[in-house]
Amino acid sequence: MNQLQDAWESYIDTHTDPSGVPYDDEVHQQVEFQRNAEAWAAFEPIALIAARLVTSGEQHRPRLAADLVQPRWGWQLSVLTAATHHLDTIGTSAEQALSELPPGAGPGSNAHDAVLAARNSAAWPLLEEWALHAPAVVGIRAATVGTDQPRLTTSAPARPVTDASTTPAARR
C-alpha cells in the first residue's frame, strides 16, 4: 500500500499543476482507477480476517504491561474497526450490485467495471487508514508474543558426531 501511495504522490507531483488540477483529466482518472483497483487487490487477502485481527489487538492490548503499550494503539484500533466495518459494507454493496447486473454484464462490461470502480474509489481512503494504522495490530502482536509466549530456556541439542567412514567424501 505504501508503494501505491508513493506512486500516486509522484504521479500527482508530475501530472498536475501547482493547484492540483490534472493536466489530462482522462489519464488522471485512469491512473486513479488503477491505483484504487490495486489497493483493493492488496487488501483482499486480509479482508476476511481484518476484523479478527483488530479484535485480537483490542483483546490483547489491556493485558500488556504498561511499559509495552503505545498510547496511540487504542485510538488506532478504533480507526481500524471503523474502517473495517465500512470496507465490509462497501464490499457487500458491490457484491449485491454485481449480482443485480443483467445477464451479459459480466467482467469486462461497462456496467460491471463501473461497479468495481465505484467500490474501489469508495474504499481508497479507508485502505489508506488501514495502511497507516495497521502497524498498531502488528505492534500489539509483537508485544503479546514477547510477554505471553514461553521462552526457550535450553539450547538445541548438539549435532551428532558422524563417523568419517560414513561421510560422503569417505565413501568414494
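This note goes through a predicted model of one protein chain, from its overall make-up to a single residue.

1. Overall make-up. The protein chain holds five helices and zero strands. Read from the N terminus, its elements follow the order α-α-α-α-α.

2. Surface and burial. Of the chain's 172 residues, 27% count as buried.

3. Contacts along the chain. Among contacts in the protein chain with a separation of 6 or more, 68% are between residues 24 or more positions apart.

4. In soluble globular proteins, nonpolar side chains tend to be buried together. Here the largest nonpolar core has 23 residues, and those with the most contacts inside it include Phe43, Trp73, Leu77 and Trp130. At least two residues of this core come from each of helix H2 (25–47), helix H3 (50–60), helix H4 (73–99) and helix H5 (110–148). H5 gives the largest share, ten residues.

5. Tryptophan 130. Which residues does tryptophan 130 contact, leaving aside its neighbours within four places in sequence? They are Phe43, Ile46, Ala50, Val54, Leu80, Ala83, Thr84 and Leu87.

6. Threonine 144. This residue is placed in helix H5. Is threonine 144 buried or exposed? Its relative accessibility is 4%, so threonine 144 counts as buried, the cut-off being under 20%. A polar atom of the threonine 144 side chain lies 2.8 Å from the backbone oxygen of isoleucine 140. Threonine 144 and glycine 57 are 87 residues apart along the chain, and their C-alpha atoms are separated by 9.2 Å.

Key:
Residues are numbered from 1 along each chain as its sequence is written. This is a predicted model: local features need pLDDT of at least 70, side-chain atom pairs count only at pLDDT 80 or more; totals for chains, interfaces and linings use all residues. Side-chain values use heavy atoms; hydrogens and water are left out. A nonpolar core is a set of buried Ala, Val, Leu, Ile, Met, Phe, Trp, Tyr and Cys residues joined through side-chain atoms within 4.5 Å. Buried means under 20% relative accessible area, exposed over 50%, partly exposed in between (1.4 Å probe, protein chains only). Helices (H or I, at least four residues) and strands (E, at least two) are DSSP runs, numbered from the N terminus. Contact means heavy atoms within 4.5 Å. A polar contact is a pair of N or O atoms within 3.5 Å; within protein, one must be able to donate a hydrogen and the other to accept it, and residues adjacent in sequence count only if both atoms are side-chain atoms.
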